[in-house]
Amino acid sequence: MEWNLLTAQNLAIIDKEVGNRNFSCAEYEIVRRVICATGDLNYYSLVNFSANALKSSVEALNDRVPIIVDAAVIQTGILYSLQQTFLNPIYCLEDISIPISLRQKKSWLLQHLSLRYTSPIYIIGQSSGVLITLLDLMESQSIQPSLIIATPSGFIRKELTNNRLKESSVAHIRIDSSKGGVNLAIAIFTGLVDLAWIGKQLTIRN
């Protein structure tokens with residue numbers, strides 16, 4: 001996040017309106033970035049973390065695992081942060097040209113990349129269908145992602161999909177609402193990168 005006077009004022013308003021009652025300090029930093037990105041205070045109660053989400057994200061970033069995203073706008077939105085920090089490779093499901101429909105293409109590529117890289121970070125911000133395919137792969141082929149960030153919007157099968165993710169053992173951050181979108185995924189991930197990078201620099205200095 002670009003820190004300037006306007007950003008500081010927005011964050012001060014968020015702190016005043018919602019405060020931090022339910023999250024760790026690191027989790028709250030992610031939540032307030034989501035609120036800042038959307039202008040919607042209701043996200044305070046909609047962002048949910050698995051028990052090991054932050055620890056797993058830090059380990060995965062430091063290990064430079066691949067990152068698989070479902071939308072090019074997410075790739076663009078996180079690229080600069082990674083270039084300045086951990087340099088993890090990014091693969092986008094929209095990038096590779098194959099002669100099938102977009103929906104089939106994303107599912108095929110997800111399956112292909114999931115078999116090639118067994119522990120990447122997945123950022124699913126646009127397509128609930130891709131998230132369902134990922135959950136199916138996890139359950140049928142025993143792939144174990146390092147982290148899933150799931151923020152697609154929509155109503156169809158949303159509750160069922162979120163419950164499947166919630167009940168899995170995979171580290172994840174999800175939005176428990178029909179609201180969502182790629183801007184939330186970008187805000188969450190860049191927040192994780194900033195926190196992990198600050199932690200790494202402090203460790204080096206000490």
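Is Asp 176 exposed, partly exposed or buried? I looked it up in this predicted model: with a relative accessible area of 30%, Asp 176 is partly exposed.

Entry on the Asp 176 partner. I found a salt bridge from Asp 176 to Arg 174, with 2.9 Å between the closest N and O atoms. Arg 174 is buried at 5% relative accessible area.

Entry on the other pairs. I listed nine salt bridges by the rule used. One of them joins the side chains of Lys 179 and Asp 40 at 2.5 Å, N to O. Lys 179 sits in the loop between β6 and α8, and Asp 40 in the loop between α2 and β1, so this pair ties together parts 139 residues apart in sequence. I noted Lys 179 as partly exposed at 30%. Asp 40 has a relative accessible area of 19%, and I logged it as buried because the limit is under 20%.

I then checked Lys 55 and Glu 59, whose side chains form a salt bridge at 2.6 Å, N to O. They are four residues apart in helix α3, about one helical turn. Lys 55 is exposed at 56%, and Glu 59 is partly exposed at 38%. I also recorded a salt-bridge network that links Asp 15, Glu 29, Arg 32, Arg 33 and Asp 194.

Entry on the nonpolar cores. The largest one holds 43 residues, and Phe 49, Ile 78, Ile 121, Ile 123 and Phe 189 have the most contacts inside it. Helix α8 supplies the largest share of this core, eight residues. I saw a second, separate core of 19 residues, including Ile 68 and Tyr 117. I then listed the contacts of Ile 121 beyond four places in sequence; among them are Leu 61, Ile 68, Leu 147 and Phe 189.

Conventions. Residues are numbered from 1 along each chain as its sequence is written. This is a predicted model: local features need pLDDT of at least 70, side-chain atom pairs count only at pLDDT 80 or more; totals for chains, interfaces and linings use all residues. Side-chain values use heavy atoms; hydrogens and water are left out. A nonpolar core is a set of buried Ala, Val, Leu, Ile, Met, Phe, Trp, Tyr and Cys residues joined through side-chain atoms within 4.5 Å. Buried means under 20% relative accessible area, exposed over 50%, partly exposed in between (1.4 Å probe, protein chains only). Helices (H or I, at least four residues) and strands (E, at least two) are DSSP runs, numbered from the N terminus. Contact means heavy atoms within 4.5 Å. A salt bridge is a side-chain nitrogen of Lys or Arg within 4 Å of a carboxyl oxygen of Asp or Glu.
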